[in-house]
Amino acid sequence: AEEKGREEAAEREAERAAQRASSAFHIARQKAALEVPPETDPAAPAVCQVAIQLPTGQRLMRRFAPTDAVAGLVAYVRVQVAEMAVAAGEAEEAEALKRLVTGEVKLKRPYGGPLEGGA
């Protein structure tokens with residue numbers, strides 16, 4: 001009886017941990033979506049077209065203004081990866097994608113400068 005009680009308590013704690021992780025993922029996803037700058041018109045006088053190949057082999061392409069911060073590019077990638085995680089559902093790869101979106105997987109250095117030249 002005592003062992004069964006410990007197992008049930010462990011199951012409840014695992015459920016609570018999963019709910020916290022899911023909540024953190026959705027909050028990070030919404031925050032990243034707010035940080036993505038609007039896509040630059042291709043007819044604009046200055047356009048920075050960026051192509052990123054993800055480890056999955058998928059290629060993301062998007063236009064940014066040269067004055068957009070690199071943080072906006074990172075937010076864009078996080079939003080796209082979040083969509084991939086949602087599409088993956090309960091697959092094992094979904095958890096890895098969610099860790100990237102929530103920031104558990106950190107960039108080697110923070111980015112915040114403009115895409116053009118600067119820091």
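**Exercise 1. Find what share of the chain is buried, and describe its surface.**

Solution. Start with burial, where buried means under 20% relative accessible area with a 1.4 Å probe, counting protein chains only. Of the 119 residues in the chain, 27% are buried. Next, take the surface: the chain has about 8,200 Å² of accessible area, computed by the Shrake-Rupley method with a 1.4 Å probe. Carbon and sulfur atoms hold 53% of that surface.

A note before going on: this is a predicted model, where local features need pLDDT of at least 70, side-chain atom pairs count only at pLDDT 80 or more, and totals for chains, interfaces and linings use all residues. Residues are numbered from 1 along each chain as its sequence is written, and side-chain values use heavy atoms, leaving out hydrogens and water.

**Exercise 2. List the secondary structure elements in order.**

Solution. Take helices as DSSP runs of H or I with at least four residues, and strands as runs of E with at least two, numbered from the N terminus. The chain then has 3 helices and 2 strands. Reading from the N terminus gives α-β-β-α-α.

**Exercise 3. Work out how helix 1 and helix 2 pack.**

Solution. Helix 1 (residues 2-35) and helix 2 (residues 70-88) meet at about 140°, their axes 8 Å apart.

Methods. Axes are lines fitted to C-alpha atoms, for helices over the stretch in contact, and angles run from 0 to 180 degrees between N-to-C directions. Buried means under 20% relative accessible area, exposed over 50%, partly exposed in between (1.4 Å probe, protein chains only).
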